[in-house]
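These are my notebook entries on one structure. I looked up packing, rings and charges, one topic at a time.

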Amino acid sequence: MTTKKFLLQEKDIPTAWYNIVADMKNKPMPILNPKTKQPMKEEDLYPLFSKAVSHQEMNTTDAWIEIPEEVRELYKVWRPTPLVRAAGLEKALDTPAHIYFKNESVSPIGSHKLNSALAQAYYCKQEGVTNITTETGAGQWGAALSYAAKAFGLELAVYMVKVSYHQKPYRRSIMQTFGSQVIASPSMSTKAGRKILTDHPNYQGSLGTAISEAVELAMSTPNCKYTLGSVLNHVMLHQTVIGLEAEKQMEMAGEYPDVVIACFGGGSNFSGIAFPFMRHKLLEGKNLRIVAAEPASCPKLTRGQFQYDFGDEAGYTPLIPMFTLGHNFAPANIHAGGLRYHGAGSIVSQLMKDGMMEAVDVQQLETFEAATLFAQCEGIIPAPESAHAIATAIREAKQAKLEGKPKTILFNLSGHGLIDMAAYDLYLAGDLRNYEVTDEEVKHNLSELEQII
């Protein structure tokens, strides 16, 4: 059995993004002003975001939103990305399942994040913005936005979660190579950072903290906007190029997935692969399972609570209806830094609430075991984040073998792990361990949240 690739042409790059909200029977609840607790309007977002993405964020009626030609031209640098039949992995697992993966690791910075980074940088440039800020966990989003900022002549400041800043120095170097300023978060450069460090001097950071710092800098800097790598609706929208291409490629393969899988932090790569397939479930009642794979150490979909919460730690962002562990939740220092986020975006949370998708949690050691097997079978070393999807796909393939039934599995390989080798070193040396949140910790954290909101 030989590995098969299914390749599209430049002309097959989507000309429009898919806005799933337009097709949802139950729309996500509105985001709220954190002070008044009233639903926010599009113009309320203008001080923080570009007007174009503010409009996309609030758009609940247009299923298709045109991709600007300048963005589509830059997509051509690496898109369309390959769809690959993981024949080597199938053989190693001795499974009747057919396993496919969409390979987003071929982008210039090694992950799917560039799909939204280019769009957001383009819209800021069109509006005359000169400076942008953002946060990054493992550094994939920061690297992508650094590339995009340079492409459109913007200055960028990135708040990188402190534990990843030290764990992944080469991703920090990538951002700096593209000309971005990178600050370990929490830092002393913002009010939010100083407060957190005063209260917890040794705190190693979280995406929630880094978001607070980036938002604060954007709001206090002239001609500056904030850009976000996940969670919000417009980011999910931009990532749907992944699934729209995958639909055509699965057609080329002569199959349709029984299950679609992606790792889950805030929801960007998950939404990208899942939403285009989800529309067939919403509109046609297609029998299809869609699975989000999250770390056992940060299990917001599997063990969190659905309610309004802040998207950041300091409480600067709008209140978002989400599955959450509480915005003050401090996740363990796992090596999948991009998944260390307390909540899920409002679209995914609503779909989860409505039973349109499911979620599983995966322990750190299982993810690295799966990643190592995948690398040996398919020749690609995956990012620790993506390894959660691989581990879940392996579970599904093993289940197919137990049942003796064929199954078609599609997962998103959201990025490569070539700059995560320090984590692989620790795994190979036997120095990594599992982290799991206790029920008591979840309950305590959520009880504190109820007092805040």
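**Entry 1: cores**

I began with the largest nonpolar core, which has 100 residues. W17, L301 and M357 have the most contacts inside this core. By a nonpolar core I mean a set of buried Ala, Val, Leu, Ile, Met, Phe, Trp, Tyr and Cys residues joined through side-chain atoms within 4.5 Å. Helix α4 gives the largest share of the core, 8 residues. Another core, of 25 residues, lies apart from it; L89, A391, A400 and I409 are among its members.

A note on the source: this is a predicted model, in which local features need pLDDT of at least 70 and side-chain atom pairs count only at pLDDT 80 or more, while totals for chains, interfaces and linings use all residues. Residues are numbered from 1 along each chain as its sequence is written, and side-chain values use heavy atoms, with hydrogens and water left out.

My terms for burial: buried is under 20% relative accessible area, exposed is over 50%, and partly exposed is in between (1.4 Å probe, protein chains only). Helices (H or I, at least four residues) and strands (E, at least two) are DSSP runs, numbered from the N terminus.

**Entry 2: helix α1**

Which residues of α1 are buried? In this helix, residues 51-58, I found V53, S54, Q56 and E57. Seen down the axis of α1, these buried residues fall within an arc of 160 degrees, so they line one face of the helix. The arc is taken from the directions from the helix axis to the C-beta atoms. I then asked what the buried residues of α1 pack against. The partners are β2 (16-18), β3 (64-66), α4 (114-126) and α10 (233-239).

S271 lies in helix α12, residues 268-284. Its relative accessible area is 0%, so S271 is buried. I left aside neighbours within four places in sequence and listed the contacts of S271: M236, T240, P276 and V348. Contact means heavy atoms within 4.5 Å.

I20 sits in the loop between β2 and α1. I20 counts as buried, at 1% relative accessibility. Under the same exclusion of neighbours within four places in sequence, I20 is in contact with F275, M278, L282, I347 and L351. I also checked I20 against M236, 216 residues apart along the chain. Their C-alpha atoms are separated by 9.2 Å.

**Entry 3: rings**

I found 15 aromatic pairs in the structure. Rings of Phe, Tyr and Trp (its six-membered ring) pair if their centres lie within 6.5 Å; planes under 30 degrees apart count as stacked, over 60 as edge-to-face and the rest as tilted. F49 and Y226 form a tilted pair, 5.7 Å centre to centre with 50 degrees between the planes. This pair links distant parts of the chain, 177 residues apart: F49 is in the loop between β2 and α1, and Y226 is in strand β9, residues 224-226. F49 is buried at 4% relative accessible area. Y226 is buried at 3%. I also noted one aromatic cluster formed by F101, F374 and F411.

Next I looked up charges over rings. The test is NZ of Lys or CZ of Arg within 6 Å of the ring centre and within 35 degrees of the ring normal. R279 lies over the face of Y18, at 5.5 Å from the ring centre. K286 lies over the face of Y256, at 4.3 Å from the ring centre.

**Entry 4: salt bridges**

How many salt bridges does a search of the whole structure find? It finds 17. A salt bridge is a side-chain nitrogen of Lys or Arg within 4 Å of a carboxyl oxygen of Asp or Glu.

E245 pairs with K102, with the closest N and O atoms 2.8 Å apart. E245 is in helix α11 (residues 241-253) and K102 in strand β5 (residues 98-103), 143 residues apart. E245 is buried, at 0% relative accessible area. K102 is buried too, at 0%. A network of salt bridges links R79, K102, E104 and E245.

R303 pairs with D439, with the closest N and O atoms 2.8 Å apart. R303 is in helix α13 (residues 300-303) and D439 in helix α18 (residues 439-452), 136 residues apart. R303 is partly exposed at 21% relative accessibility, whereas D439 is exposed at 54%.

E396 pairs with K407, with the closest N and O atoms 2.7 Å apart. E396 lies in helix α16 (residues 384-403) and K407 in the loop between α16 and β15 (408-413), so the pair ties together parts 11 residues apart in sequence. Both E396 and K407 are buried.
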